[in-house]
Amino acid sequence: MHMIIRAAVLLVAASITAPALADEGMWTFDNFPAAKMRAKYGWAPDAAWLEHARLGSIRLTVGCSASLVSSDGLVMTNHHCVRDCVSELADAQHDYVANGFYASTAAEEKKCPAMEANQLVKITEVTGQIEAATAGKSDRAFHEAERAAKAKIESACGTAADVRCEVVKLYQGGVYDLYKYKRYQDVRVVFAPEENAAFFGGDPDNFTFPRYDLDASFVRIYDNGAPLHTDVFLKFAAKGVKQGDIAFTSGNPGSTERDDTLAELEFQRDAAQPYILNLFSELRGVLSEFATKGPEQARTSKTLLFEIENSLKAIKGRQLALVEGPLIAEKARAEKEFRRRVAADPKLAKQYGGAWNAVAAAVAHQRNIYVRNSLLERFPQWMSELLGQTVALNRYAAEIGKPDGQRLEEFSDANFPALRQQIVSPAPIHADLEKTVLAWWLTKVREYLGTSDPDVRALLARAATECGVQATELVSGAGHDAQILAARCKVGMLFVPSVGGRSHCPEEHTDPGHLELGVRVLVRALELLAY
């Protein structure tokens, strides 16, 4: 599952004259500071210009920004945004990741199994409706009221297969906008360069500037079986930019996280990022070893390995900045001064003085649940196609019977069509790779959560019941290895009875039938974890 973030216009440079830094900012299409820009630079985009930029900007559901660049639906994006598509279209005879892909005719363009393109066609502010629904509420009650109001607004906007409506929270809840997208579910790859050109320099050059590679690919949007015809697209400039030009980037940016508190940054530095670095480093080793088993194993694991290495490079840079750079000290200084100014104003102190402590308390709770959440929710569905589909189908059965406003957001009437497309995607499932990743994941669940974890205990009890075995919870006083491990993590054990209750002695003996039942319970527990 990919995070989908608001569409926005990002001003990345304005009247650049060395050695001065460029002006910069980030705005939504409907809230651009045209008057300020015109006063400073003598020019600003008007409403028609902004609409053209919005309609010419495409969001790919793999989480990427893209641009319509021709009247017949041609879309330009980064190579890594098309990597999943060409990987899913490849086979043992056609490695489109390593060797690239090029369709010389329309007939040769191949449909991406799991990609769709979204075009933002309308923005409507709905702040008043959300505020009315959540007035006087806090914590869980606020969240539930907000979720119900969002589902109602999105469903009223449209639930047809060719429409996607999302209520987007901006400015930490200061504004709520309804974004209405036109959905195109037939997207076909036209051109993707070979990996050595698209990722020239490999991981060492990743996230560096300048970088010399051909990080571009093209896909085409089809509408009703034919290339999309449109009069709105972004044209290539006949001349390149020059010093002093005003430049814009439009798309789906991620958050800068500039307003994270000191407590949030310290959590990332001390807990979240070290854990992820360790986990992903292990998985990289597992995938690298898997790739040595043969050319097909190397091909099928290449995309997941690329994603893991890409994430590792990014997180290592973030961790280095937090550990060795001045960022933490500067944040501490700025936050102390900000809090002092708030405390000096009685009105501000009353309304906002407790905000930092509230965030710190929430972060403390996050520390307690982070590993469990990442192992059971975030990472497995991303690492394993089968597990992601299994979780989605299992939750669909539980969610579909609820009122629309009470469901998890991805299962609402407005959002489920996109999730359904992922579930029924014809993208291939590589069984050997799935088994390898799932086996590794299960060892991490056991290692980090232990068998005394409430979820694991409940799972073992359920497995025993489904196997027709009567199970009883016991407290063991024996000096097992688990006793040593308990100092570092939660642990527990699955026992089978010894004849006469005699264990840890030469006379210890367990009936083979009981051993078989124990193995059956353990196997069923693993199946429940996996499926």
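Biologist: Does Cys85 count as buried or exposed, and at what relative accessibility?

Modeller: The model is a predicted one, and the remarks below should be read accordingly. Cys85 counts as buried, its relative accessibility being 2%, which is under the 20% limit for that class. The partner of Cys85 is Cys112, and the two sulfur atoms of this disulfide are 2.1 Å apart. The torsion about their S-S bond is about -80 degrees, so the disulfide is left-handed. Cys85 belongs to helix α3, whereas Cys112 sits in the loop between β7 (110-111) and β8 (117-125); the pair thus links distant parts of the chain, 27 residues apart. Cys112 is buried as well, with a relative accessible area of 1%.

The search of the whole structure finds 3 disulfides. Another of them joins Cys64 to Cys81, with an S to S distance of 2.1 Å. Here Cys64 lies in strand β4 (residues 64-68) and Cys81 in helix α3 (residues 80-89), so this pair ties together parts that are 17 residues apart in sequence. The S-S torsion of Cys64 and Cys81 is about -90 degrees, so this disulfide, too, is left-handed. Cys64 is buried at a relative accessible area of 9%, and Cys81 is buried at 2%.

There is also a disulfide between Cys157 and Cys165, with an S to S distance of 2.0 Å. The link of Cys157 and Cys165 has -60 degrees about the S-S bond and is left-handed; both cysteines are buried. When the bonded cysteines of the chain are numbered in sequence order, the pairing reads 1-2, 3-4, 5-6.

Strand β4, which holds Cys64, pairs with β3 in the antiparallel sense over 4 bridges. In that pairing, Ser57 stands opposite Ser67 of β4. The hairpin of β3 and β4 has 3 residues between the strands, and within the hairpin Gly63 takes a positive phi near 95 degrees. Strand β3 also pairs with β8, again in the antiparallel sense, over 3 bridges, and Arg59 stands opposite Asn118 in β8. Within β3 (residues 57-60), Ser57 and Arg59 point one way, while Ile58 and Leu60 point the other way, and all are buried.

Taken together, helix α3 holds Cys81, the partner of Cys64 in β4, and also Cys85, which is paired with Cys112 in the loop between β7 and β8. Strand β3 in turn pairs with β4 and with β8.

Note on methods. Residues are numbered from 1 along each chain as its sequence is written. This is a predicted model: local features need pLDDT of at least 70, side-chain atom pairs count only at pLDDT 80 or more; totals for chains, interfaces and linings use all residues. Side-chain values use heavy atoms; hydrogens and water are left out. A disulfide is a pair of cysteine sulfur atoms within 2.5 Å. Helices (H or I, at least four residues) and strands (E, at least two) are DSSP runs, numbered from the N terminus. Buried means under 20% relative accessible area, exposed over 50%, partly exposed in between (1.4 Å probe, protein chains only). Two strands pair if DSSP finds at least two bridges between them.
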